[in-house]
Amino acid sequence: MEMHPEARGSQEWDESSIFERVNELRPLWMERGACRSHSVNEFFPDRGRNIEIAQAKAICRTCPVIVPCLEYALDRPGLQGIWGGRSIRQRHELMKGRRIA
């Protein structure tokens, strides 16, 4: 299997080093998200779970970084869950409107 050149080397990858690397790649605005004090599962409710979806969106409405969060999700069309206070279906609708304009 071909590996990325930076992955070759003698560094051992364990769960904590992978977690640290993911955190390094995360946009800085995510550190200020209202979601940080909640379980990630709250933002990935099962389809049709309207109460859970509404609760996640309510958390988003209090968030100081709701706009960059939504922009982040709009730039990644396949991203699942509630981002920027919108479901994936709502984000697809927004994108359709952007293409028409």
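Select helix H1 (15-25), helix H2 (50-61) and helix H3 (66-74) to begin, since each of these supplies at least two residues of the lining of the largest pocket; helices here are DSSP runs of H or I with at least four residues, strands are runs of E with at least two, and both are numbered from the N terminus. The model is a predicted one, in which local features need pLDDT of at least 70 and side-chain atom pairs count only at pLDDT 80 or more, while totals for chains, interfaces and linings use all residues. Residues are numbered from 1 along each chain as its sequence is written, and side-chain values use heavy atoms, with hydrogens and water left out.

**The largest pocket**

Of its 24 lining residues, Met30, Cys35, Arg36, Val40 and Trp83 are the closest to the centre, and helix H3 gives the largest share of the lining, with three residues. A pocket is an open set of points on a 1 Å grid over the protein atoms alone, where a 1.4 Å probe fits and protein lies on both sides within 12 Å along at least five of seven lines, and lining residues have an atom within 4 Å of a point. Colouring the lining by class gives 19 nonpolar, three polar and two charged residues, where Ala, Val, Leu, Ile, Met, Phe, Trp, Tyr, Cys and Pro count as nonpolar, Asp, Glu, Lys and Arg as charged, and the others, Gly among them, as polar.

**The salt bridges**

Show the charged side chains now: a search of the whole structure finds three salt bridges, each being a side-chain nitrogen of Lys or Arg within 4 Å of a carboxyl oxygen of Asp or Glu. Select Glu31 and Arg36, whose side chains meet in a salt bridge with an N to O distance of 3.5 Å. Glu31 counts as partly exposed at 44% relative accessibility, and Arg36 is partly exposed with a relative accessible area of 44%; buried means under 20% relative accessible area, exposed over 50%, and partly exposed in between, with a 1.4 Å probe and protein chains only.

Then pick Arg49 and Glu52, which form a salt bridge at 2.8 Å, N to O. Arg49 is partly exposed at 42% relative accessibility, and Glu52 is partly exposed with a relative accessible area of 28%.

Finish this stop at helix H4, where Lys96 and Glu93 lie three residues apart, about one turn of the helix. The closest N and O atoms of their salt bridge are 3.2 Å apart, and both residues are partly exposed, Lys96 with a relative accessible area of 42% and Glu93 with 46%.

In soluble globular proteins, nonpolar side chains tend to be buried together. Select Trp29, Met30, Phe43, Tyr72, Ile82 and Trp83, which touch the most other members of the largest nonpolar core, a group of 15 residues. Helices H2 and H3 each supply at least two residues of this core, and H2 gives the most to it, with four residues. Such a core is a set of buried Ala, Val, Leu, Ile, Met, Phe, Trp, Tyr and Cys residues joined through side-chain atoms within 4.5 Å. Centre on Tyr72, which, not counting residues up to four places away in sequence, touches Pro27, Trp29, Met30, Leu79 and Trp83, a contact being heavy atoms within 4.5 Å.

**Ile66, then the whole chain**

Go on to Ile66 in helix H3, which counts as partly exposed at 26% relative accessibility. Leaving aside neighbours within four places in sequence, Ile66 is in contact with Cys60, Arg61, Gly84 and Gly85. The C-alpha atoms of Ile66 and Arg32, 34 residues apart along the chain, are separated by 9.9 Å.

Zoom out at the end to the chain as a whole, which has four helices and zero strands. Of its 101 residues, 25% count as buried, and among contacts between residues at least 6 apart in sequence, 41% join residues at least 24 apart.
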